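Biologist: I'm new to this one. Can you put the structure up and walk me through it?

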Amino acid sequence: MKSVQVKDDKGPAENLYIGEGPTPNPQNGQLLVKTEYFGLNRMDLLQRLGNYPLPPQAPKTLGVEFSGTIEKSESDKFAVGDKVFGLVYGGAYAEYVVAAEETLIKVPDDLSMEVAAGLPEVWFTGIQVLTTVGKFQKGDSVLFHAGASSVGIAVIQLAASLGASKIFTTVGSDEKCEFVKKLGNKFGVTVVPINYHNEDFKEVISKHYDASKGEGVNVIIDPVGQTYFVRNLEIAAKDARIVLMGAMSGPIVKGDVPIGLIIYKRLVVQGTTLRSRDLAYQEKLRDFFVSHVVPLILEGKIDTFVDKLFNFTTEDIVASHKYLESNKSMGKVIVKI
Ligand SMILES: NC(=O)c1ccc[n+]([C@@H]2O[C@H](COP(=O)([O-])OP(=O)(O)OC[C@H]3O[C@@H](n4cnc5c(N)ncnc54)[C@H](OP(=O)(O)O)[C@@H]3O)[C@@H](O)[C@H]2O)c1
């Protein structure tokens, strides 16, 4: 089968090419899926550069989400011919992918295969960081950094659907501010966008709360890291949860870090990744996605955004990674096989 491979095992986008390799075989509880579309994720860029710690069960080929048709089934939960979408530890940038029954979903009639391919990674992640790790409760306020990222779009809408009191989000342009501002509308929740090139998120958010009374943001979810860590501590409410899920600005926090704030505000600071989680953990996220999110997507209350579609050619695969690296996207980048 054809799959995307990386020349020299790692390198810039130009090292990506489509090569030939053996078709994988499903084991007990697994399915062989003929891929129709796969979604790109920020993590794929890190993996291509050799900077992502892969879990041991991950195949070398890039790609963690896809949609397609079952070609071989070693599970009694899915049958040959079923249209499915799902999450895998790797291997989705290929004509065939082996998926586990725990993280697979049948595509509902009213959902397109193109949109479905880009849902699992960002929504399972969003559910994990907001609810499982972030311990979000109805009425909590939320801050998500990089709000127009694919995960950001999911987290903002998820928080709105679960009854957030207010959602703050940082983004890198006025166009992205306009885009994210609307994401709470269908649930009547205010989204406050902050263009980090013009405004300091700590100053903007401070105006909404009286810090002397222990007020601030209840759940802060941060894929940016280094440059935001101290300010996250400063605008967190008493008993807030700060979830670290990426380090796009760097993994080392320099200078004076006021750990007294963690102690006296009783903050919980926790890191997490979806890909390192076992199937039983991911299955629970899948089940919440199916019971809570999918119905809202089908009702049109949660919006899905495919920003750009590429073809399964070497030229397009290289272009798709360069496009994601440009930080221009507002939604998913998808490849059609
Ligand atoms: N821990 C996990 O389980 C997990 C799972 C999935 C994703 N993630 C992480 O979540 C983040 C978003 O992933 P995604 O696939 O949704 O990304 P995406 O759609 O590619 O969006 C990423 C956005 O982040 C912003 N950004 C990039 N570099 C930045 C920097 N140095 N400082 C501030 N903002 C920056 C850019 O938007 P602006 O123009 O607004 O700056 C960019 O468009 C990534 O860090 C990814 O690794 C973690």
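**Cavity and helix pair**

Modeller: H4 gives the largest share of the lining of the largest cavity, four residues. Helices are DSSP runs of H or I, at least four residues, numbered from the N terminus. The model is predicted, so local features need pLDDT of at least 70 and side-chain atom pairs 80 or more, while totals for chains, interfaces and linings use all residues. Residues are numbered from 1 along each chain as its sequence is written, and side-chain values use heavy atoms, without hydrogens and water.

Biologist: How many cavities are there of 30 Å³ or more?

Modeller: Two, in a search of the whole structure. A cavity is a set of points on a 1 Å grid over the protein atoms alone where a 1.4 Å probe fits but cannot get out; lining residues have an atom within 4 Å of a point.

Biologist: What volume has the largest cavity?

Modeller: About 120 Å³, counted as the space filled by probe spheres set on the points, which are joined across faces, edges and corners.

Biologist: Which residues lie nearest its centre?

Modeller: Val122, Trp123, Thr304, Phe305 and Lys332, out of 15 lining residues.

Biologist: Switching to helices. At what angle do H3 and H4 cross?

Modeller: Roughly 55°, with the axes of H3 (residues 120–133) and H4 (residues 150–161) coming within 8 Å. Axes are lines fitted to C-alpha atoms over the stretch in contact, and angles run from 0 to 180 degrees between N-to-C directions.

Biologist: Which residues of H3 meet H4?

Modeller: Val122, Trp123, Thr125, Gly126, Ile127, Val129 and Leu130. Contact means heavy atoms within 4.5 Å.

Definitions and conventions: Helix = DSSP H or I, 4+ residues; strand = E, 2+ residues; numbered from the N terminus. 1 Å grid on protein atoms, 1.4 Å probe; cavity = no way out; pocket = protein on both sides within 12 Å on 5 of 7 lines; lining within 4 Å.
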